[in-house]
Amino acid sequence: MKMQAEVIREGELEKRSDSLFQLWKKKLVVLTKDSLSLFPDGHKRAKGKELGFGSILKVDCVERTGKYIYFTIVTKDRKEIDFRCPDQSCWNASITMALIDFQNKRAIQDFKSRQEMEQAAGAQERRLARAP
């Protein structure tokens, strides 16, 4: 059973389609501390697409026009996903801050894991050195 993640923000974003005409389609977006979920037609009951922060490299290419903020999410496999939101909604900032928080927590976990492994290896070496 999957635990429901704490929602940081929920609302509407427009995503540029991958089709030939690259139309902007409205999506219901749910931002959590671990991911960004996109639901078609503004309904959470439909099957959504989840972009886990572990697969996201950065939020890039922010551009402001009079009406919209345009931004791109770049995945670790270099796929670019284009979004736009109303100028005052600041979705790009919310996503960026959640991504930075996720990456910082992951870096701290990785550091602690390396430290624990090094300490365990050092203790093993000391035990071996003391053995007759």
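Strand E3, which covers residues 35-40, is mostly covered, five of its six residues being buried. The model described here is a predicted one.

**Strand pairing around E3**

Strand E2 (residues 24-32) runs antiparallel to E3, and five bridges join the two. Within this pairing, Val30 has Ser37 of E3 as its bridge partner. Two residues lie between E2 and E3, and the two strands form a hairpin. E3 also pairs with strand E4 (residues 49-52), again in the antiparallel sense, over four bridges. Here Leu38 has Lys49 of E4 as its bridge partner.

**The loop between E1 and E2**

The loop between strand E1 (7-16) and E2 contains Leu20. This residue has a relative accessible area of 77% and is therefore exposed, the cut-off being over 50%. Together with Phe21 and Leu23, Leu20 forms a nonpolar patch on the surface, and the accessible area of the three together is about 410 Å².

Gln22 is also found in the loop between E1 and E2. With a relative accessible area of 44%, Gln22 is partly exposed. Its phi is near 45°, a positive value in a residue other than glycine. Most residues other than glycine have a negative phi.

Thr75 belongs to strand E6 (residues 68-75). Its relative accessibility is 7%, so Thr75 counts as buried. Leaving aside residues up to four places away in sequence, Thr75 touches Ser55, Ile56, Leu57 and Ile81. The side chain of Thr75 is also joined to that of Asp77 by a polar contact of 2.3 Å.

The loop between E6 and strand E7 (80-86) holds Arg78. Although Arg78 is not a glycine, its phi is positive, at about 70°. Arg78 counts as exposed at 60% relative accessibility.

**Salt bridges**

Side chains of opposite charge can pair when their charged atoms come close. The count in this model comes to six salt bridges. The table lists three of them.

| Glu14 | Arg84 | 2.9 Å |

Which parts of the chain does each pair tie together? The salt bridge between Glu14 and Arg84 has its closest N and O atoms 2.9 Å apart. Glu14 lies in strand E1 and Arg84 in strand E7, so this pair ties together parts that are 70 residues apart in sequence. Both Glu14 and Arg84 are buried.

Asp82 lies in strand E7 and Arg16 in strand E1, so the pair ties together parts that are 66 residues apart in sequence. Arg16 is partly exposed, its relative accessible area being 26%.

Asp87 is found in the loop between E7 and helix H1 (91-130), while Arg64 lies in strand E5 (residues 56-64), so the parts tied together are 23 residues apart in sequence. Asp87 counts as buried at 18% relative accessibility, whereas Arg64 is exposed, with a relative accessible area of 54%.

Key
Residues are numbered from 1 along each chain as its sequence is written. This is a predicted model: local features need pLDDT of at least 70, side-chain atom pairs count only at pLDDT 80 or more; totals for chains, interfaces and linings use all residues. Side-chain values use heavy atoms; hydrogens and water are left out. Buried means under 20% relative accessible area, exposed over 50%, partly exposed in between (1.4 Å probe, protein chains only). Two strands pair if DSSP finds at least two bridges between them. Patches are made of residues with over 30% relative accessible area and no salt bridge: like charges are joined within 9 Å, nonpolar side chains (Val, Leu, Ile, Met, Phe, Trp, Tyr) within 5 Å. Accessible areas come from the Shrake-Rupley method with a 1.4 Å probe; for residues, only the protein chains shown count as cover. A salt bridge is a side-chain nitrogen of Lys or Arg within 4 Å of a carboxyl oxygen of Asp or Glu. A polar contact is a pair of N or O atoms within 3.5 Å; within protein, one must be able to donate a hydrogen and the other to accept it, and residues adjacent in sequence count only if both atoms are side-chain atoms. Contact means heavy atoms within 4.5 Å.
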